[in-house]
Amino acid sequence: MLSKEEAREDILGYYVLYNIKSNSTLVNRTVDGKETTSYVITSLKEFTSYEFAMQAFNSKGVSEKSSKLEKKTDEDSKFI
């Protein structure tokens, strides 16, 4: 993990981490560029609870994971 001093370097991007709540294996999607403010995750299962977290990264390494956010999809695999 990055120290606070190392974390102050320029952010190069983010990792979007997610999993089905009942499964501990995280899927990692890389989002390049600190200017990116949204990311669409596709191929989610309907009526399923997911957990999400994020990490920033720079040339020195990776930050700690954010707090988890839990969301459930509806019949269209969109969040409710």
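**Strand S1 and the spaces beside it**

Modeller: The lining of the largest pocket receives at least two residues from each of S1, S3 and strand S5 (69-72), where strands (E, at least two residues) are DSSP runs numbered from the N terminus. This is a predicted model, in which local features need pLDDT of at least 70 and side-chain atom pairs count only at pLDDT 80 or more, while totals for chains, interfaces and linings use all residues. Residues are numbered from 1 along each chain as its sequence is written, and side-chain values use heavy atoms, with hydrogens and water left out.

Colleague: Which residues lie nearest the centre of the largest pocket?

Modeller: On a 1 Å grid over the protein atoms alone, a pocket is an open set of points with protein on both sides within 12 Å along at least five of seven lines, a cavity is a set where a 1.4 Å probe fits but cannot get out, and lining residues have an atom within 4 Å of a point. Here the largest pocket holds about 390 Å³, and of its 19 lining residues Val16, Tyr39, Ile41, Phe52 and Met54 lie nearest the centre.

Colleague: What lines the largest cavity?

Modeller: The search of the whole structure finds one cavity of 30 Å³ or more, and its lining consists of Leu17, Tyr18, Asn19, Leu26, Glu51, Phe52, Ala53, Lys65 and Lys68.

Colleague: How many bridges join S1 to its partners S2 and S3?

Modeller: Two strands pair if DSSP finds at least two bridges between them. S1 pairs in the antiparallel sense with S2 (residues 27-32) over six bridges, and also in the antiparallel sense with S3 over eight bridges. Leucine 17 stands opposite asparagine 28 in S2, whereas tyrosine 15 stands opposite glutamine 55 in S3; a hairpin of six residues joins S1 to S2.

Colleague: Is S1 mostly covered or mostly uncovered?

Modeller: In a regular strand the side chains alternate between the two faces of the sheet. In S1, seven of the eight residues are buried, that is, under 20% relative accessible area with a 1.4 Å probe and protein chains only.

Key: Points joined across faces, edges and corners; volume = space filled by probe spheres on them. Buried < 20%, exposed > 50% of the residue type's maximum accessible area, 1.4 Å probe, protein only. Helix = DSSP H or I, 4+ residues; strand = E, 2+ residues; numbered from the N terminus.
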